[in-house]
Amino acid sequence: MEYRELVIRALKKLPDSYVPYSHFHVAAALLSEDDTVFEGINIENASYTPTVCAERTAFFKAVSEGYRNFKAIAIVGCNEDALSSDKYKINLEIPAFTPPCGVCRQVMREFASPDEFEIILAKSPDDYKVYKLKELLPESFGPEFL
């Protein structure tokens, strides 16, 4: 699967986020080793702590289905104004890149090789950056240490 397609899957999922408190939508599309895609959204909670990020939603969906090996994840995020703009509605374009939080980076590390797993931060299907996990989580702690 091309990264452009993965980015489109994530961008189309943005409106499904449940964000009544922050009003900041995040969506992710996770690509497994066999090219199965798992989408995730952020889901907020009134007590905040139980809130879960889009990246973790995608990973947990995949792991709950028996998947353990992943190649890449596309991540997008924007506020409600950007989501309701013509740029998004017409071109699936948002104003900024949204990197994963530290907790999500650690979850990625559990199931992906830091040297190989790619994190795609996107503003549109044609405007994205690709990082290796090791670039966003250097000197990471993983299962091999236990």
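Is E118 buried or exposed? The points below take up that residue and others in this predicted model.

1. E118 counts as buried, because its relative accessibility of 17% falls under the 20% cut-off. Its salt-bridge partner is K132, with the closest N and O atoms 3.2 Å apart. This pair links distant parts of the chain, E118 belonging to strand β4 (residues 118-124) and K132 to strand β5 (residues 127-132), 14 residues apart. K132 counts as partly exposed, at 26% relative accessibility.

2. R109 and E144 also form a salt bridge through their side chains, at 2.4 Å from N to O. R109 sits in helix α5 (residues 102-111) and E144 in the segment after α6 (133-136), so the pair ties together parts that are 35 residues apart in sequence. R109 is buried, with a relative accessible area of 7%. E144 is exposed, at 54%, because the cut-off for that class is over 50%.

3. A salt bridge joins the side chains of D35 and K71, at 2.6 Å from N to O. D35 is in the loop between β1 (24-32) and β2 (37-41), while K71 is in strand β3 (residues 70-79); the two are 36 residues apart, and the pair links distant parts of the chain. D35 is partly exposed, with a relative accessible area of 35%. K71 is partly exposed as well, at 34%.

4. On the total: the salt-bridge count for the model comes to nine. Among them are K132 with E118, E144 with R109, and K71 with D35.

Key. Residues are numbered from 1 along each chain as its sequence is written. This is a predicted model: local features need pLDDT of at least 70, side-chain atom pairs count only at pLDDT 80 or more; totals for chains, interfaces and linings use all residues. Side-chain values use heavy atoms; hydrogens and water are left out. A salt bridge is a side-chain nitrogen of Lys or Arg within 4 Å of a carboxyl oxygen of Asp or Glu. Helices (H or I, at least four residues) and strands (E, at least two) are DSSP runs, numbered from the N terminus. Buried means under 20% relative accessible area, exposed over 50%, partly exposed in between (1.4 Å probe, protein chains only).
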